[in-house]
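Thanks for opening this one with me. Here are some notes to read alongside the model, taken one point at a time.

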Amino acid sequence: MQRKTKAIRIQTKKTQYREHSTPLFLTSSFSFESAEQGKALFDETEEGNIYSRFSNPSVQEFVDKVCMLEGAEDGLATATGMAAVFASMAGILKSGDHIIACRALFGSAHQIITQIFAKWGITYTYLDADASEEQWEAAVQPNSRMVYLETPSNPGLELVDLAMIGRICKKHNLIFNVDNCFATPIIQTPADFGADLIVHSATKFMDGQGRVLGGVVVGKAEYIAPIRFFCRHTGPSMSPFNAWTLSKSLETLELRMERHSQNALRLAEALEALPEVKKVNYPYLPSHAQYELAKAQMNAGGAIVTIELEGGFERVSAFMKALTIPTLSSNLGDTRTIITNPFTTTHSKLKPDEKAALGITEGLIRISVGLEAVEDLIEDFTQAAVVSAEVIAEKI
Ligand SMILES: *Cc1c(COP(=O)(O)O)cnc(C)c1O
């Protein structure tokens, strides 16, 4: 049986009410049937729920589904994606350790590595996504402990070769940690390439409908154990309500990712054919610099497309004004198409040279392609590209 079939069928044990849809265990704590049971649960001679900061059936159901989809041994859920990213590092690393990371990171991951860890004596080396195997290996130091990366990256959609990093990590005994948020386990399973830990912002495609925040870390049991200890005592636990919402969402994840990817590819192809659009970036377009790698490690291109428009912020503004369907928001991973200008929003705090290194230009638009009829999206984006080009031409 395929993992995705098993994931859909995973559910908390039926209660005496014989419910079909999964029940929600919205409870902060659990009762003991006797003093002996309380003692046994605490000294871990009996397994069971005690308190929802440690564990909860609704949360466990969500985690079990993600483990199944990612092909991972064990995992735990957190209140947000950032809590998952942070716990996956802070639960393992100690003062004096070194982390090797790809420079193209989600903004808050960059702040953890460069600002927060700096206070705790954890150092780092950044590499470009397309750095060679020699360059990655040259970054390894005696105190290197972990490699951390995102692929595809945000918003550059650069890919890192997972098989190559897997080889390096194995050779140098490094923990291989991947943020798989953009691809989801439907499109790419890093564990197949040797990843030890996989983190997600469940807020994005796992929920997929813009309702709840959540995060999840899955991977090898030996690495999940210290992360679980860290979370149990520092308390970034996922709410049972959010877990219940996310668990149901996972049952449609494959369906949604397939449609997101189909729509994104068709929209990317249509926009690439327009003279009014300077550049289109999408991993499954043959014009993408790492198209071959995309085909090798992903089974679809995902939902995120970026385009570049000429004419600076004025053009961006005119383009956004002309669009009728998409929402302007800094979020992504929704049934409804969302667009943002990273230069002035999500990545506005980066220094000019950092923006340049990541390809974040003034005219860059990130599109999180939704599940609307793609013909309507193509029509809307096409007219907005044309109209906004005319607005700029009139001003010259
Ligand atoms: C959004 C996001 C995060 C952070 O997730 P939150 O749920 O917002 O805390 C981390 N990594 C990537 C790639 C993201 O897109």
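1. Let's start with Lys-204, which the UniProt record, an unreviewed entry, annotates as "modified residue: N6-(pyridoxal phosphate)lysine". Please keep in mind that what you see is a predicted model. To find Lys-204, look in the loop between strand S6 (197-201) and strand S7 (215-219). Is Lys-204 buried or exposed? With a relative accessible area of 9%, Lys-204 is buried, because that value is under 20%.

2. Rolling a probe the size of a water molecule over the atoms shows where empty space is left. Here the count is 2 cavities of 30 Å³ or more.

3. Which residues line the largest cavity? They are Lys-4, Ala-7, Ile-8, Leu-69, Ile-186, Leu-250, Glu-251, Leu-253 and Glu-254. Helix H1 (3-9) provides the largest share of this lining, 3 residues. Helix H1 and helix H11 (253-272) each supply at least two of the lining residues. Sorted by class, the lining has 6 nonpolar and 3 charged residues, with no polar ones.

4. Now for charged pairs. Side chains of opposite charge can pair when their charged atoms come close. How many salt bridges does the structure hold? There are 15 salt bridges. One of them joins Arg-228 to Asp-74, with the closest N and O atoms 3.1 Å apart. Since Arg-228 sits in helix H9 (residues 221-234) and Asp-74 in strand S1 (residues 74-78), the pair ties together parts that are 154 residues apart in sequence. Arg-228 is partly exposed, at a relative accessible area of 33%, and Asp-74 is also partly exposed, at 21% relative accessibility.

5. Another salt bridge brings together the side chains of Lys-278 and Glu-308, at 3.6 Å from N to O. Lys-278 lies in the loop between H11 and strand S8 (279-281) and Glu-308 in strand S9 (residues 304-308), so this pair connects parts 30 residues apart in sequence. Glu-308 counts as buried, with 16% relative accessibility.

6. Lys-395 is exposed, at 58% relative accessibility. Glu-314, by contrast, is partly exposed, with a relative accessible area of 45%.

7. A last stop returns to a residue from point 3. Glu-251 lines the largest cavity, and Glu-251 is also linked with Lys-65 and Lys-248 in a network of salt bridges.

Note on methods:
Residues numbered from 1 in each chain as written. Predicted model: local features only at pLDDT ≥ 70, side-chain atom pairs only at ≥ 80, totals over all residues. Heavy atoms only, no water. 1 Å grid on protein atoms, 1.4 Å probe; cavity = no way out; pocket = protein on both sides within 12 Å on 5 of 7 lines; lining within 4 Å. Points joined across faces, edges and corners; volume = space filled by probe spheres on them. Helix = DSSP H or I, 4+ residues; strand = E, 2+ residues; numbered from the N terminus. Nonpolar A, V, L, I, M, F, W, Y, C, P; charged D, E, K, R; others polar. Salt bridge = Lys/Arg side-chain N within 4 Å of Asp/Glu carboxyl O. Buried < 20%, exposed > 50% of the residue type's maximum accessible area, 1.4 Å probe, protein only. UniProt positions renumbered as here; feature names shortened; annotations may be inferred.
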